Amino acid sequence: MNTPDKNRYENMKYARCGNSGLMLPKISLGLWHNFGGVDVYENAKEMVLRAFDLGITHFDLANNYGPPPGSAEENFGRILKSELAAHRDEMVLTSKAGYLMWPGPYGEWGSRKYLIASCDQSLKRMGVEYVDVFYSHRPDPDTPLEETMMALDQIVRSGKALYAGISSYSPEQSEAAFKILQELGTPCLVHQPSYSMFDRWVEDGLLDVLEKYGVGAVVFSPLFQGLLTDKYLKGIPEGSRASKEHGFLQASQITEDKIEKVRAL
């Protein structure tokens, strides 16, 4: 069992998430990449433990993170059980459902059946009784928004999650979702959009909606998956995200125009 740094809370800054009572660290650890079954487990463990030592208490997952899907949650659950089990109440664990997880008509999107089954599976993979936030990972064009939000409400009321969240919803979709959740008595805690210097769509209305409803924002890919660092200034390094077949950063996204902008920073 790991012994965390006793001074881990001295330097990290925390901020209130929206109008809630929940404080989140200014930097969270997302397990979208580098924590799946294709990755080196010891590296994943070292990153989680180092993050916790630095006062990072928020660990963000989703049912499909891996690859293969589900393996990031399994690996995190293994780390939690073997190294950090005594510190579960010092952590904010979040998960999501919305993307493809299993074959057939019930394995993705936003139906009540899929979301609740996904939440149950995520809890089993991580070995926890609840997550702090459970998200609808993406809007579903074919399922009534009321059904998706009622599923989140049910998950919270059943004790499987403490808060509800949404991810990658447009400003209009977000406002509609917030209204439904307010009426249900389970206000939306947080929206998780992509946001970086190369991806500024949230400035076109979403931030105004979040402020209007007192909903927090936890952004993903703030460094555009590493492109906003010096990693790709001299090409695509071996072992980098863009070099991997299963990576979401594609070589075609690393254009000379973007590289010149990064050099100028």
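Angles under 35 degrees count as roughly parallel, over 145 as roughly antiparallel, 65 to 115 as roughly perpendicular and the rest as oblique. This is a predicted model, in which local features need pLDDT of at least 70 and side-chain atom pairs pLDDT 80 or more, while totals for chains, interfaces and linings use all residues. Residues are numbered from 1 along each chain as its sequence is written, and side-chain values use heavy atoms, with hydrogens and water left out.

**Helix pair**

- The axes of helix 2 (residues 71–84) and helix 3 (residues 112–126) come within 7 Å and cross at roughly 40 degrees, and the two helices are therefore oblique to each other.
- Their contact (heavy atoms within 4.5 Å) involves Glu73, Glu74, Phe76, Gly77 and Leu80 from helix 2, together with Ser122, Arg125 and Met126 from helix 3.

**Pockets**

- A pocket is an open set of points on a 1 Å grid where a 1.4 Å probe fits, with protein on both sides within 12 Å along at least five of seven lines, and its lining residues have an atom within 4 Å of a point.
- The largest pocket has a volume of about 1200 Å³, and of its 44 lining residues Ser28, Leu29, Gly30, Ser221 and Pro222 lie nearest the centre.
- The second largest pocket holds about 370 Å³, and the closest to its centre among 16 lining residues are Trp32, Asn64, Tyr65, His137 and Phe248.

Definitions and conventions: Grid points are joined across faces, edges and corners, and a volume is the space filled by probe spheres set on the points. Axes are lines fitted to C-alpha atoms, for helices over the stretch in contact, and angles run from 0 to 180 degrees between N-to-C directions. Helices (H or I, at least four residues) and strands (E, at least two) are DSSP runs, numbered from the N terminus.
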